[in-house]
Amino acid sequence: MDNTKAIGNLGETLAVQALVKRGYEIVERNWHGSRGEVDIICRDGPCWVFVEVKTRHGHASGLPEDGLTQDKIERLTALAQTYLAQHEIGDVSWRLDLVAIELDRQNRVGRFNLIPGVGVE
């Protein structure tokens with residue numbers, strides 16, 4: 001499994017499994033809006049969570065966390081606001097989370113990092 005799309009799909013599946021184990025309720029995967037895609041939309045209790053998943057093999061491309069740029073945070077923020085408006089979800093708390101996954105050569109999880117509230121100042 002060396003193509004980027006397959007690695008991304010594997011990472012998202014692993015992220016969903018880990019989030020469910022942590023008590024998150026998965027609402028939707030791969031939601032598309034006009035400015036892009038949200039990998040996972042879920043709820044952590046009453047809080048809506050929009051999750052970006054970054055999956056890497058090794059560090060040749062940097063850490064998975066390095067893939068979440070300020071531009072991407074701004075795009076995800078706009079997507080989250082659009083999702084909430086389109087689904088007529090009123091005044092609720094919400095946040096962006098990052099799931100960073102490093103895989104070994106056999107596609108086993110070497111490191112899993114859930115970072116809640118990315119982009120919050």
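User: What does the accessible surface of the protein chain come to?
Analyst: This is a predicted model, where local features need pLDDT of at least 70, side-chain atom pairs count only at pLDDT 80 or more, and totals for chains, interfaces and linings use all residues. Residues are numbered from 1 along each chain as its sequence is written, and side-chain values use heavy atoms, leaving out hydrogens and water. Areas come from the Shrake-Rupley method with a 1.4 Å probe, and for residues only the protein chains shown count as cover. Carbon and sulfur atoms own 47% of the surface, and the total is about 6,800 Å².

User: In what order do the elements of the protein chain run?
Analyst: Helices (H or I, at least four residues) and strands (E, at least two) are DSSP runs, numbered from the N terminus. You get 2 helices and 5 strands. From the N terminus on, the order is α-β-β-β-α-β-β.

User: How far apart are the end C-alpha atoms of helix α2?
Analyst: Take 1.5 Å times one less than the number of residues. For the 17 residues of α2 (residues 70-86) that should span 24 Å, and the model agrees: the ends are apart by 24 Å.

User: Is Leu 63 buried, exposed or partly exposed?
Analyst: Leu 63 sits in the loop between β3 and α2. Buried means under 20% relative accessible area, exposed over 50%, and partly exposed in between (1.4 Å probe, protein chains only). Leu 63 has 35%, so call it partly exposed.
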